[in-house]
Amino acid sequence: MVLLTRMTAFNMLILSNKGLPASVIAMPLISFVVPLSLFGIMLRASDKSSRGGTVYKYVDAMGWIGVVGGAIALTLGILMCFQEPDNTPLWGVIVLFCADGIIVLIAVLYTLMCLNTKTVLAEDCLIYRNMWGITRKYRYEDIYRVKCQRRKGSHMVEEYVVFVGRQKIKVNYYMVNFFGFAEMLKSRLRKVKNEARFDIKQY
């Protein structure tokens, strides 16, 4: 999201020299600031359950923000094509199209991540769906390590990485129910008498 916002700001800076109305240039900023102001409330949403398990996923609304951001970036790129010719050099036009293309690409990947990625701690197994919509199930007995990542000097974990077989399943701070993930996972592991180690990794 930070990278997408920076690319949008860069795109707006270039478009400001193309003679577009200020209201059009400000559209990407408005599309991000307003929804993000509600982000904290969304993260505190009530627990979701699925077939007796707890679901850990990104807020769907954040994925739709990616759709809006990508659509606006694409629209602004198309609008530029209909502007009257000016003295902008060819390399400037190429940079603008590359900036639009990068924003659209990031927005698409961000949207897929928010709408598809989820981890479900069911009673008998861990269910993981990646950003491409591929779903897999793993037995709790096969989990051998959980890496707790946090910043140096901070006591708050920002991401859990679950190691099961060759798969690394990430549960991020921005997922709903994140703060109860470790305790929920430990309770599931205790039921199958799995002593998987929880390691703290600072960065």
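Q: Two strands pair if DSSP finds at least two bridges between them. With that rule, how many bridges join strand β6 to strand β7?
A: Strands β6 (residues 143–150) and β7 (residues 159–164) run antiparallel and are joined by 6 bridges. Within this pairing, Val 164 of β7 is the bridge partner of Ile 143. The model is predicted, so that local features need pLDDT of at least 70 and side-chain atom pairs count only at pLDDT 80 or more, whereas totals for chains, interfaces and linings use all residues. Residues are numbered from 1 along each chain as its sequence is written, and side-chain values use heavy atoms, with hydrogens and water left out.

Q: How many helices and strands are there in the chain?
A: Helices (H or I, at least four residues) and strands (E, at least two) are DSSP runs, numbered from the N terminus. The chain has 7 helices and 9 strands.

Q: In what order do the strands of the open sheet lie?
A: The order is β8-β7-β6-β9, an open sheet of 4 strands with mixed pairing. Its edge strands, each pairing on one side only, are β8 (167–172) and β9 (197–202). From one strand to the next, the twist averages 20 degrees.

Q: Which residue of β8 is the bridge partner of Glu 159?
A: The partner of Glu 159 is Asn 172 in β8. Strands β7 and β8 run antiparallel and are joined by 6 bridges. Their hairpin has 2 residues between the strands, and Gly 165 takes a positive phi near 65 degrees there.

Q: Which strands does α7 lie across?
A: Here contact means heavy atoms within 4.5 Å; axes are lines fitted to C-alpha atoms, for helices over the stretch in contact, with angles from 0 to 180 degrees between N-to-C directions. Helix α7 lies across β6, β7, β8 and β9, and runs at about 25 degrees to β7.

Q: Is Arg 188 buried or exposed?
A: Buried means under 20% relative accessible area, exposed over 50%, and partly exposed in between (1.4 Å probe, protein chains only). Arg 188, which belongs to helix α7 (residues 181–191), has a relative accessible area of 6% and is therefore buried. Of the 203 residues of the chain, 42% count as buried.

Q: Which backbone oxygen does the side chain of Arg 188 reach?
A: The side chain of Arg 188 reaches the backbone oxygen of Leu 121 at 3.5 Å. Leu 121 itself stands opposite Leu 126 in β4. Strands β3 (residues 118–121) and β4 (residues 125–129) pair in the antiparallel sense over 4 bridges, and a hairpin joins them through 3 residues.

Q: How many aromatic pairs does a search of the whole structure find?
A: Rings of Phe, Tyr and Trp (its six-membered ring) pair if their centres lie within 6.5 Å; planes under 30 degrees apart count as stacked, over 60 as edge-to-face and the rest as tilted. The search finds 8 aromatic pairs. For Tyr 160 and Phe 178 the ring centres are 5.3 Å apart and the planes are at 35 degrees, so the pair is tilted. This pair links distant parts of the chain, with Tyr 160 in strand β7 and Phe 178 in the loop between β8 and α7, 18 residues apart. Both Tyr 160 and Phe 178 are buried. The rings of Tyr 173 and Phe 179 have centres 5.6 Å apart and planes at 85 degrees, so that pair is edge-to-face.

Q: Which residues do the ring pairs link into a cluster?
A: The cluster consists of Tyr 56, Tyr 160, Tyr 173, Tyr 174, Phe 178, Phe 179 and Phe 181.

Key:
A polar contact is a pair of N or O atoms within 3.5 Å; within protein, one must be able to donate a hydrogen and the other to accept it, and residues adjacent in sequence count only if both atoms are side-chain atoms.
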